[in-house]
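This report describes a predicted model.

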Amino acid sequence: MAAFTAHTSAATSLYSPAGTAILLRSRSRAYPTTTTIRVSCSKTVVIGVAADSGCGKSTFMRRLTSVLGGGAEPPRGGNPNSNTLVSDTATVICLDDYHSLDRAGRKAKGVTALDPRAHDFDLMYEQVRAIKEGRAVEKPVYNHVTGRLDPPELITPPEILVIKGLHSMYDERVRDLLDLSIYLDISNEVKFAWKVQRDMAERGHSLESIRASIEARKPDFDAYIEPQKQYADAVIEVLPTQLIPGPGDDEGKVLRVKLIMKEGVEHFAPVYLFDEGSTVNWIPCGRKLSCSYPGIRFAYGFGAYFGHEVSVVEMDGQFDKLDELIYVETHLSNLSTKFYGEVAQQMLKHADFPGSNNGTGLFQTIVGLKIRDLYEQIVARR
Amino acid sequence: MATSVTAVSALAVFSAPRSLPKPPAPLPSRQNVVSFVGRPVRAHRRLVAVAASSPATPPDLANKVSESIKQAKETCADDPVSAECVAAWDEVEELSAAASHARDRQKGVDPLEEYCKDNPETDECRTYED
């Protein structure tokens, strides 16, 4: 296998020479090996996700890998601090592995992890392209515990590659490789509430330190990360609720979530409510469905987002019954489900995940289904 | 028969020992419940069979987080807008995220399984192949 990869890396990146080389090798054997055939004619589907949640099993990744089938685990027998997740169909790589400066280096230069100067975009582009073309790569590993770069790990091309990080869509060359790109846009108030929930139990942290940390990172975030929103095919925007008047809910429990979908993206049909291309304001709670406070409100419309035409589905409020979930699913269209109730089933399967009762879980699940649909369409085309 | 039933129900009522060690300590709760039979009932005890508190951050990572916060506060005391200050708070964020992920990894861990890995000969961990 090592000799085989060496051969393909020595060959040019064009398809045919590598393809013929593989055929020659298989002819010399008594039987064709399935691995060689797979590498020569399948291209990996690459999805980019830009999110500020670090390199662990985030809720979005868990939902995504669940929809795609199979649990995602770090590669067996490898570095225990590896940021990579591997499942049967998908591999999730965290872009922090492409840091050119480790923690000490960044401290010395006074550079944050958000700054593109701390990333090696050339290596990122080369390796993502290699995986997309079916070649295994030795990807560096950034150890978040020690803050140093560990020896590289082998990544074999999966059917679906998800690249997750802060700079998934920053580099133009990498952007061109992506079949679909998603941006998770968390508003400042919600970000603060979530970070408080995450960090308050931590010894040493206080409200001031959490606020100071967010404030300090804001300039770099706004300069380097926010602009990626315009390139995303789908944006999940999380805002505070509008259903509770006054100062309202500052624990960030009730959320207003928008799913902004670009029109005209190949293999990606935007979700709509009732009537595609119209504007709808819908409160499902009423005579047929009873909801508890603060209820649920949906909106659907279209517009422009950074100069592109988009469709927007928005949910404000919380589900607290299975009935509500199924009722809503019945009225949404273009969900790319394989059977009636699949969205509700996926949400219930992970009822313990954060956001399972509001738009974050709903739209993350829907985006997962869209990714599965995109992958199947691409494979069917081959 | 009646007394054994009450004894069993008494066991069920008496909850976790007074000082439950933090996970992933071995399971003293089960052993201590037996010793509680003779003790007076304590009011308002939640029924807890196994240590059910949320997982704590691994101590080395927790130390790193608090160290980095201290450092960031010091660096920023001198000059709140310097690049060093920003980089210091970014490090705090990175370590807090790592700590949170470490806690998530701990969540799936079953304390009984952990204990039995190291002590397979104890009564709780005996397996029978009938």
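How many bridges join S11(A) to strand S12 of chain A, and do they run parallel or antiparallel? Strand S12 (residues 296–305) of chain A is joined to S11(A) by three bridges, and the two run antiparallel. Within S12(A), A:Ala299 is the residue that stands opposite A:Asn281.

Both strands belong to an open sheet of ten strands in chain A, ordered S2-S3-S6-S1-S7-S8-S9-S13-S12-S11, with mixed pairing. Its edges are strand S2 (85–86) and strand S11 (280–282) of chain A, each of which pairs on one side only.

The interface between the two chains is summarised below.

| Property of the interface of chain A and chain B | Value |
|---|---|
| Residues in contact | 30 residues from chain A, 30 residues from chain B |
| Buried area | about 2,500 Å², 50% of it on carbon and sulfur atoms |
| Salt bridges | eight |
| Polar contacts | 16 residue pairs, both at pLDDT 80 or more |

Of the area that chain A buries against chain B, 23% comes from A:Arg198, A:Glu202 and A:Arg203, more than from any other three residues. One salt bridge links A:Lys107 with B:Glu91, where the closest N and O atoms are 3.5 Å apart.

On the side of chain A that touches chain B, helix H5 (103–109), helix H8 (188–199) and helix H9 (207–225) of chain A each supply at least two residues. H9(A) gives the most, with five residues. By class, this side of chain A has eight nonpolar, eleven polar and eleven charged residues.

Note on methods:
Residues numbered from 1 in each chain as written. Chains lettered and ligands numbered in written order. Predicted model: local features only at pLDDT ≥ 70, side-chain atom pairs only at ≥ 80, totals over all residues. Heavy atoms only, no water. Contact = heavy atoms within 4.5 Å. Buried area = accessible area lost by both parts, 1.4 Å probe. Salt bridge = Lys/Arg side-chain N within 4 Å of Asp/Glu carboxyl O. Polar contact = N/O pair within 3.5 Å; in protein donor to acceptor, adjacent residues only side chain to side chain. Helix = DSSP H or I, 4+ residues; strand = E, 2+ residues; numbered from the N terminus. Nonpolar A, V, L, I, M, F, W, Y, C, P; charged D, E, K, R; others polar. Pairing = 2+ DSSP bridges.
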